Amino acid sequence: MEIELIKANDPFDGSSRRRIERLRVAAYCRVSTDDEDQIKSYNSMVRHYTDLIQSNKEYIFAGVYADRAITGTKVDKREEFQRLIQDCMDGKIDLIIAKSIPRFARNTLDTLKYVRMLKERNIAVYFEVEKINTLKDGEFLMTILSSVAQQEVENTSAYVKKGLKMKMKRGELVGFQGCLGYDYDVNTKSLSINEEGAKTVRYIFDRYVAGAGSTMIARELNEQGILTIKGNPWVSSSVMGIINNEKYKGDILLGKTFTVDPISKRRLDNLGEEDRYYIHNHHEGIVSEETFDRAQEIRNRRNGGRKHNVTPGKREKFSRQYAFSCMLECGFCGASLSRRRWHSNSKYKKTIWQCVKSTKNGKRFCPDSKGIPEQVIEEAFIESYRMLCKDNRDVLDEFLRRVEKTLGENSIPEQITALDKNISKIQAKRKVLLDKYLKGIVSQDIYEETDIGLKKDFTNEKAKLEYLQQQLDDETSLQRRVSDFKKALSENEVLEEFDRGIFESIIEKVIVGGFDEDGNKDPYKITFIYKTGLKNEIGNAKERFDKSKKMGDKTKELCSHIADELKGVCSFVSDNTCGDCVPSVKKSPINQRIAPIWGKKGCVFQFPQKTHAETDLPQG
């Protein structure tokens with residue numbers, strides 16, 4: 001038996017019998033920044049490889065593929081690299097020359113992936129510094145060197161991250177990308193107010209606090225020809241970006257996001273995975289802290305209705321396009337009232353508010369409700385306000401004094417402090433108990449029985465603490481409401497026509513429909529619930545306040561009249577409102593038991609009998 005060796009053809013071996021005429025050779029180079037030194041290096045590499053390939057008679061110059069100011073950790077960002085690989089797949093290149101493995105890629109997986117892909121096509125990659133030819137040499141050395149290149153990136157990232165954290169700790173501004181209403185001084189690293197942009201910021205906060213939604217505010221800004229800081233039209237998310245930005249009250253939160261790893265460069269919102277640094281009074285605020293906090297309270301309330309379990313069709317106030325949007329509640333079924341136009345294409349047009357359950361699902365779902373003209377609700381509010389300010393001012397003043405006195409005697413903060421101490425003591429006891437059990441001082445059955453009791457006490461104390469904190473939040477909200485209420489009364493002693501600003505500042509909600517004193521159904525009964533807990537009922541309002549009937553003027557336009565000072569910031573765009581919104585009123589700390597104090601035909605004011613919150617704590 002005779003065996004004859006037939007040698008394989010080697011494209012890199014000049015002694016091969018079947019000579020490949022010439023190799024099509026391309027070079028790849030990359031620099032990661034736009035620094036002057038690296039740009040010089042970039043230009044030098046392009047010239048070097050062009051001359052190197054063209055001067056070799058065995059090579060055909062296939063081009064130099066070069067990425068500038070691009071990281072080597074992700075190949076999808078490198079357009080020239082992607083073009084190089086595509087040309088290789090199309091059979092246009094036989095050999096790739098790169099200065100080193102880190103210039104080719106700083107990601108071990110990417111390096112191996114593309115080297116193997118090219119190897120399957122019999123395309124070699126030659127790294128000059130390491131002197132590795134991927135067709136001739138094994139992967140072991142290349143894998144080690146590629147891993148070293150990746151580790152360098154990770155180390156550099158860790159050093160940079162540590163440096164940034166040190167800057168944050170010193171209170172230095174890090175990662176500032178521009179902010180509407182502020183100018184950034186690079187030298188002093190300070191922020192100063194830009195009045196032109198600040199006007200837009202104040203407008204957004206004023207409208208939002210007044211009750212307008214982000215979509216409406218965006219539409220108003222676009223109609224006024226105002227653009228975002230990047231020159232784009234406003235959308236809901238860009239408006240909420242302004243509302244959520246703590247810089248506008250003069251503070252800065254550093255570390256809002258963090259990079260998961262330097263290879264994928266994926267960034268996530270920092271929800272506690274990394275340290276954050278909140279700097280108070282860092283610069284001059286555009287809006288007051290009170291305005292900013294109120295905006296956040298409104299935002300949280302609106303988001304809460306969507307996130308938590310709520311009855312379908314019910315949520316917190318969301319749309320505030322009109323004065324009564326999401327403020328009117330049906331007295332028969334509890335649904336909200338939506339704004340509708342009757343005879344909108346004729347001279348008999350008028351605006352009414354009607355139960356959304358009746359209009360959407362059918363009259364049989366709320367048979368007792370009826371549409372009530374908008375003008376009737378406005379006139380009824382004017383009457384209620386007049387009675388509140390004049391006929392019964394002494395009673396009202398006494399009520400407000402009692403509320404303020406009760407709030408001043410509040411002991412909830414002291415109770416919260418005491419509960420915090422109790423919780424800390426229980427945690428300490430559990431820790432000591434666990435240590436004794438681990439040391440063998442306490443047996444397992446005694447440990448488990450004692451720990452169960454301590455755990456129960458801990459749960460009860462935590463429940464009490466959460467309850468008291470909620471009570472404290474409610475009382476804080478009530479203090480602000482009482483303050484706003486008194487301010488509105490002092491500034492507007494007389495109300496000649498409906499004023500949206502006054503209405504929204506003192507009214508919590510309005511119930512339309514109900515029962516009279518004899519138990520008869522009255523679809524036109526209007527109950528105004530004030531933010532301080534006061535309650536005013538006006539019976540048969542349509543009969544008393546429908547001017548179109550009295551005047552015989554069927555062509556009268558019934559719409560909300562807004563005070564001159566608010567017209568500039570109000571929007572009347574369409575007649576569609578959030579018909580499925582039902583106000584969800586938080587319980588006031590004021591006891592809800594009420595009793596009639598005095599009355600007038602068709603009008604009854606009711607005041608709470610007690611002004612102090614019942615502080616029954618949850619039982620264990």
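Two strands are taken to pair if DSSP finds at least two bridges between them; helices (H or I, at least four residues) and strands (E, at least two) are DSSP runs, numbered from the N terminus. On that basis, the structure contains an open sheet of 5 strands in the order β2-β1-β3-β4-β5, with mixed pairing. This is a predicted model, in which local features need pLDDT of at least 70 and side-chain atom pairs count only at pLDDT 80 or more, whereas totals for chains, interfaces and linings use all residues. Residues are numbered from 1 along each chain as its sequence is written, and side-chain values use heavy atoms, with hydrogens and water left out.

**Sheet and packed helix**

- The edges of the sheet are formed by β2 (59-68) and β5 (132-133), each of which pairs on one side only.
- Helix α2 (residues 79-89) packs on this sheet and touches β1 (23-31), β2 and β3, contact meaning heavy atoms within 4.5 Å.
- The direction of α2 makes about 150° with that of β2; axes are lines fitted to C-alpha atoms, for helices over the stretch in contact, and angles run from 0 to 180 degrees between N-to-C directions.
- Strands β3 (residues 95-98) and β4 (residues 124-127) run parallel and are joined by 4 bridges.
- Within β4, V125 stands opposite I96.

**Aromatic pairs**

- The structure holds 14 aromatic pairs; rings of Phe, Tyr and Trp (its six-membered ring) pair if their centres lie within 6.5 Å, and planes under 30 degrees apart count as stacked, over 60 as edge-to-face and the rest as tilted.
- Y28 and F81 form an edge-to-face pair, at 5.3 Å centre to centre with 75° between the planes.
- This pair links strand β1, which holds Y28, to helix α2, which holds F81, across 53 residues.
- Both Y28 and F81 are buried (under 20% relative accessible area; exposed is over 50% and partly exposed in between, with a 1.4 Å probe and protein chains only).
- The F332 and F515 pair is edge-to-face because the ring centres are 5.8 Å apart and the planes lie at 80°.
- F332 lies in the loop between β12 (328-330) and β13 (337-342) and F515 in strand β16 (residues 507-515), so their pair ties together parts 183 residues apart in sequence.
- F332 is partly exposed, at 23% relative accessible area, and F515 is likewise partly exposed, at 40%.
- Ring pairs also link Y28, F81, F104, Y114 and F127 into a cluster.

**Charges over rings**

- The charged end of R78 sits over the ring of F81, 4.4 Å from its centre; the criterion is NZ of Lys or CZ of Arg within 6 Å of the ring centre and within 35 degrees of the ring normal.
- Over the ring of Y42 sits the charged end of R68, 5.7 Å from the ring centre.
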